Amino acid sequence: MTTEHYHGRLRRLGVRRLSAVFSAGVVAMAAALIAPQPAVAADAPWLDVSPDRYASFTVPAAYVQEHLGTVSQVVVEGNFGPSATWAEFGLTRRGDVWSGVLGALTPGLYRYQVTADDTKTIKDPTNNAGVASDPLLSTFLVAGESARWLADAPAGSGGTVGTLTYRVRAEQRSALVWTPPGYAARKPKGYPTLFLESGGGVATTDWLDLGRTKQILDNLSAAGAMQPMVVVIADGTDDRELKDLRKAVADNYRVLRDPSHQGIAGVADGAARAVRAAVATPGQFGSVGWFSGTSAPTLDRRDATALNHLKLLRLYTGNVTDPAYNTTYRLTKALDRAGVRYEFDGVNPDGGGNWTTWQENLVDFVPRLFGHVADHGPSPGHGRFTGEFTPPPAGTTPTPFVTGDGFVTFETTTDFADAQHVTVWANIAPGGSWLRVPLTRDGDRWRATVGPLKPWFYYYRLIVDRVPFKDVSNPTKVTTEPMWSTFLVPGPAARLLTDVPAGQGGKVESMTYTSTVAGQDRTALVWTPPGYDPQRAQPYPVLYLQHGGGQNYTDWVEMGRAKQILDHQFLDGDLTPMVVVMGNGNSSNFNRELLENIVPTARSRYHVSSDPSQQALAGLSMGGGQAFGVLKAYPGQFAYVAAFSAGFGSGTGVDVAAVNSGTKMLRLYVGDQTDFVYPSFMASLTTMDALGIRYEFDGVTPGPHGWDVWQKNLIDLAPRLFKR
């Protein structure tokens, strides 16, 4: 297993019956338990995590230059992707720093490193929280209810982690041992023991640094949610090594030796060894836990006798992004055929094969040991197996391949067989920000499965050895961004972005006009509603909808899904029948372009109103700034004005009375802290308040300066227009 499999995001963490009895403080940053790296005191922190869970990275360009040389790109690699997959978050060079804001992050433990030009990696020297097995990694904890088990327990209330040294075949080994609060070596009655096995690519210390095992055990103990026990964490052991380790534990700790008071569990290879130990040497353990095991033992009915003596055999797996998913499925079938009794925690819908998932497994497993538990079912929200997961064979289908439950398989053509580093760059981060997910070489192609993605509209491009490419297997196109491809993950939340049944929607037509500003013919796209009647007595209200900088008149249709949104809202009865004109706003004088060219042409070609009360103007980013410019220069020309992710600018010379009297609705929208115009937008509200301009603010739309935000803005705005 590669280390990418162990990087994960915490979505759900907890034991359903323990919430009411748990109460402990949380901390904003994780503490390193093993070999912390000293911070560079003179340096400002590279990472800041806000109370509302946004991670701001600020990496000094001089430090990068000094340690890595001249570079063209810098990313923060971490477990930021869906199902806690390892992903790259690109930073932007701004003056003397590389910076970026990612969030809002789900509560949980994150690890990261800073990488330049794909191969040059450094540790954040300002973060003391490290990972003993990988000196380049740093960690931080995002606090929250779902991460309560990962927080440090109150001082003095936790257990103790020590080191046990023992010998195997004359070779010295060591294990980590957690003893519970109040552990007494001379207590009359011994303690039960749980052995935690590591796996391929997993070090013993990872259980502490990445698994937060000490914090989990401390908090479960403080909540009275587990039996007092000794927990032994060891590297991978064969039967002989395990026997020697058990003897060393019995010789050095006050533990019970009977099988009913001994349990074993492991991750990856360690999970497979735990089950094999129960099969090969019956009577050693009374409880066995399988956390994403990588190989299933061969079983028959003769093994059922040994395994059915176990008090507990419980299996855990992540979703289809977990490399152990199919293996666990096959193990359940083998156990069923052999007649072995076992429990299955269900498929974790949003966890992969990584420490985020295994933290949840440990929280669920430990309270079940050495006592009576009434609930033997899966965790809340976990699902059943529906069979093995097998994407289509390479080269047999256009990409990406999207499953009904939101898992997306990307695949390249054979054009990049000699590439060294291939990623998919897509709007799959929280709120629609962009992450790069590394693909894995699969023969002469590259492939990866990502998810689950929430139902919505996605766009992406390939980055091959730092050069962007279009996915030529995907027939979709974006006129202004030739490298981008798009796809839709269906679902109720994305209904407004899907096509309506054929023949039921409105029409989108091209409207060509001569621009007196640009000195050339230009084009706009015009949406007319279903049943549009150019002869009806009353002209239609009209919305002039503008794009942003670097975009064009095609973007609201190709990327904004304006046609789908308007079609659905009209058919739902939410939309006043109107005409929507999406013009070319790339102009040296937008006010003239709009009022002398776009508006007159629309009136001459379509049955639209010239009454200001029946006219609306809205735009995103640059287009929002243009809408503000028209509002200032021609107050009352458009009764409805809206700006998405744009600032009002200066209030000098604004006729406030004319704006307020001539505008029925001025509605404003902005993304969250990941939207780079957020600071200037908030300053605009102060300016407008001081001037006395009346406006509506929809509140922050979660997401960045991108289409996820602007689609939601149009969805909110359109039904509000031209209402009495």
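**Close-up views of a predicted model**

**View 1. Helices α10 and α15 pack together at an angle of about 25°.** Helix α10 covers residues 562-571, helix α15 covers residues 707-717, and their axes lie 10 Å apart. Helices (H or I, at least four residues) and strands (E, at least two) are DSSP runs, numbered from the N terminus. Axes are lines fitted to C-alpha atoms, for helices over the stretch in contact, and angles run from 0 to 180 degrees between N-to-C directions. The packing angle therefore makes α10 roughly parallel to α15. Angles under 35 degrees count as roughly parallel, over 145 as roughly antiparallel, 65 to 115 as roughly perpendicular and the rest as oblique. From α10, the contact uses A562, I565 and Q569; from α15, it uses Q711, L714 and I715. Contact means heavy atoms within 4.5 Å. By class, this contact of α10 with α15 has 4 nonpolar, 2 polar and no charged residues. Ala, Val, Leu, Ile, Met, Phe, Trp, Tyr, Cys and Pro count as nonpolar, Asp, Glu, Lys and Arg as charged, and the others, Gly among them, as polar.

This is a predicted model, where local features need pLDDT of at least 70 and side-chain atom pairs count only at pLDDT 80 or more, while totals for chains, interfaces and linings use all residues. Residues are numbered from 1 along each chain as its sequence is written, and side-chain values use heavy atoms, with hydrogens and water left out.

**View 2. Helices α3 and α8 cross at roughly 30°.** Helix α3 spans residues 213-222 and helix α8 spans residues 355-365. Their axes come within 10 Å. That makes α3 roughly parallel to α8. T213, I216 and L220 of α3 meet Q359, L362 and V363 of α8. The contact of α3 with α8 has 4 nonpolar, 2 polar and no charged residues.

**View 3. V630 sits in helix α12.** Helix α12 runs over residues 622-633. V630 counts as buried because its relative accessibility is 2%. Buried means under 20% relative accessible area, exposed over 50%, partly exposed in between (1.4 Å probe, protein chains only). Neighbours within four places in sequence aside, V630 is in contact with F590, N591, L594, L617, P635 and F638. V630 and W46 are 584 residues apart in sequence, and 41 Å separates them in space, C-alpha to C-alpha.

**View 4. The protein has 15 helices and 35 strands.** Of its 724 residues, 58% are buried. Its C-alpha trace spans about 95 × 60 × 50 Å along the principal axes.
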